[in-house]
Amino acid sequence: MSSAPVVLEVSDLKKHFPIRGGLLGTPVGHVYAVDGVSFSIRRGETLSLVGESGCGKSTVGKSVLRLFPLTSGQVVLDGKRIDDMPASSLRMLRRKIQVVFQDPFSSLNPRMRVRDVIAEPIINFGLAKDRADLDRRVAHALDTVRLPTDAAGRWPHEFSGGQRQRIGIARALAAEPDIIVCDEAVSALDVSVKAQIVNLMQDLQKELGLAMLFISHDLAIVEHMTHRVAVMYLGKIVEVADKRSLFGAPRHPYTEALLSAVPVPDPTAKRDRIVLQGDVPSPIRPPSGCRFHTRCPYVMDRCRKEEPVLTPDATGHLAACHLHDLPASQNPLNKAGPTAFRAA
Amino acid sequence: MSATALPPGIDPALIPPGLAIAQPMPDVLPQVKPRKGFIGFLRRYPTMAIGGFLLLLMLGIAVFAPYLFTRDPTALAPALRTREPSAQFWFGSDMLGRDVYSRVLYGARVSLLVGFSVALLASVAGLFIGIVSGFSRLVDSIVMRVMDGLMSIPSILLAIALMALTRGSVQNVIIAITIADIPRVSRLVRGVVLSLREQPYVEAAVAAGTRTPMIMLKHILPNTLAPLTVQATYICAAAMITEAILSFIGAGTPPIIPSWGNIMAEGRALWQVKPYIVFFPAIFLSITVLAVNLLGDGLRDAIDPRLAKRL
């Protein structure tokens, strides 16, 4: 895996949304939605971005898709910087990065037949040689997501949520991308359909060697889907590691708390729930020092002043936490018993 | 269940007695067969059917007015003034002896022409302004301030003021009412465009490499048409009333042209003794406006079933 070429590399990505106010609409502040995020994804790899609502996961996804201009940072897609590329030259490069959205209902234009939905990227990127080739590609895309060919002539409202989500995946695949951003792609589906879509995406990834940025808040699905996990809190990544390492031995108190909140299908299981106090602070005025210090159960004086940076341990497990500078015997993350949640 | 019903790859011998293996559900798309034809349409959209029928009736009257036993609506007959409705004058005659029946039928032409023209022109202009200002912040801030200014004047007063600047003619009435209606339409379209731009399918289209003009044309425009069509019917109804008001106060269609507003204006002086001169054009205007409004309500229900309410 680690030898595969890097498809997407993001460094120090920032996206601040101005808050307009006053008579002239001058910015009166900023929402620091994403504030310095770095990661990379290799071919055939799935990186999951997890975190609670409002932590900036989706903004990262839309930023790498360049759906809006970025505040700062670099996004390198297949060796080309796309963060400052003008829209006209970016257009053809968009083929390489496609998206599947959360809501299967609003992600398909209700006034376009399925055929036209899927044909759109094929036509835009000039992938089809002629009319017959276009039809073949549409049929192939439908077949890839296990939908009958006669779906092409139908309208989106004739399909169920899971089927519509598969149409969305077919649209993304039709562009022959290198990487797909799945923005909560299965969160809106019910459990059985969710499993179906997740398995479909895994199969497709194996067949086509796709890279995937899997944005989710559902740790059980993430654990099933992913190779690596990045945990986000208030616009920053606090921990990045292989699935096994992160679920087995979290190295950040926030991850530890998140994992302890995952429901376990065993009512007799003994587990230590870590219940975080308070709410997520406002991304308009993020806390000083470590952003998590207002809710961290192990907070120290240093955390309020100094911002921790992502540092690897011996195995390459990255975490941004001052606790790791303490002697190992005093680090509460080492002592805390293994969380009930374990990578299989 | 017989062994042949087992999915492939499963050995029937491994299944314990009394247990059956469920077949994987195939992706069957059900054939939706709503009742077709005229009766089906009547059943599903009774409001639209009634409104449409009445409006078609009025259209027929307007188009075929010369063949519906009318005479020249401007022909004077001073000897036969203010006659009660009779076999000769079905709706009576006015103070100059003109046949009210003929005048009312010909008047449908003016009302419908004004209503449809204003609805069409205001929709097209509003659609263009709304889509452009929904996409360009600069255009938006300038155009919408102008629209705010126009909207601060009641539309009937604006139409009267515009009519005061020109000569009275059907064409000028249409232009005046259209200008007064454009701000509302462009506001509506702009609002719809702004919300559509945030839709995931528009973002997916951007990711799929669609250029902005094509996004406007393929993704924004078709989804704007539904609410706009409904709005257009209401504009049509309001324009017919505005036309009648303008004619009634003498600021609209010139008196030589029989329009419902003109007929009512002329009958106003005799209202207490000869009410039928005002009554017949008024009832025609009411029925036409009702028809257009019913059609609009029906359209809205058909387009957005969540808002549907029974007649």
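# Chat about a two-chain model

Colleague: Where does A:Asp78 lie in chain A?

Modeller: You'll find A:Asp78 in the loop between strand E4 (72–77) and strand E5 (80–81) of chain A. Helices (H or I, at least four residues) and strands (E, at least two) are DSSP runs, numbered from the N terminus. Bear in mind that this is a predicted model: local features need pLDDT of at least 70, side-chain atom pairs count only at pLDDT 80 or more, and totals for chains, interfaces and linings use all residues. Residues are numbered from 1 along each chain as its sequence is written, while chains are lettered from A and ligands numbered from 1 in the order in which they are written.

Colleague: OK, and what phi does A:Asp78 have?

Modeller: A positive one, about 50°, although A:Asp78 is not a glycine. Most residues other than glycine have a negative phi.

Colleague: Switching to helices. At what angle do H4 and H5 of chain A cross?

Modeller: Roughly 130°, and the axes of H4 (residues 131–144) and H5 (residues 161–174) of chain A come within 9 Å. Axes here are lines fitted to C-alpha atoms, for helices over the stretch in contact, and angles run from 0 to 180 degrees between N-to-C directions. H4(A) and H5(A) are therefore oblique to each other. Angles under 35 degrees count as roughly parallel, over 145 as roughly antiparallel, 65 to 115 as roughly perpendicular and the rest as oblique.

Colleague: Which residues make that contact?

Modeller: From H4(A), A:Arg137, A:Ala141, A:Leu142 and A:Thr144; from H5(A), A:Ala170, A:Leu173 and A:Ala174. Two residues are in contact if their C-beta atoms, placed from the backbone, lie within 7 Å. By class, the H4(A) contact with H5(A) has 5 nonpolar, 1 polar and 1 charged residues. Ala, Val, Leu, Ile, Met, Phe, Trp, Tyr, Cys and Pro count as nonpolar, Asp, Glu, Lys and Arg as charged, and the others, Gly among them, as polar.

Colleague: Now chain B. How do H8(B) and H10(B) cross?

Modeller: Their axes come within 8 Å and cross at roughly 170°. That makes H8(B) roughly antiparallel to H10(B). The contact residues include B:Tyr234 and B:Ala237 of H8(B) and B:Asn293 of H10(B).

Colleague: What does B:Asn293 touch?

Modeller: B:Tyr234 and B:Ala237, not counting residues up to four places away in sequence. B:Asn293 and B:Ala237 are 56 residues apart along the chain, but their C-alpha atoms are separated by 6.6 Å. B:Asn293 is partly exposed, with 17 other C-beta atoms within 10 Å.

Colleague: And H9 of chain B, how many of its residues are buried?

Modeller: 7 of the 8 in H9 (residues 260–267) of chain B, so the helix is largely enclosed by the rest of the structure. Among them are B:Trp260, B:Ile263 and B:Met264. The buried residues of H9(B) pack against H3, H8 and H10 of chain B.

Colleague: How many residues does the largest nonpolar core have?

Modeller: 160, and those with the most contacts inside the core are A:Ile179, A:Leu213, A:Val231 and B:Val118. Helix H3 (residues 100–135) of chain B gives the largest share, 15 residues. A nonpolar core is a set of buried Ala, Val, Leu, Ile, Met, Phe, Trp, Tyr and Cys residues joined through C-beta atoms within 7 Å. B:Val118 touches several residues, including B:Ile174, B:Ile235 and B:Ala239.

Colleague: Last one: how many residues of chain B are in contact with chain A?

Modeller: 16, against 27 residues of chain A. H7(B) gives the most to the chain B side, with 7 residues. That side has 9 nonpolar, 5 polar and 2 charged residues.

Definitions and conventions: A residue is buried if 20 or more other C-beta atoms lie within 10 Å of its own, exposed if 12 or fewer, and partly exposed in between; C-beta atoms are placed from the backbone.
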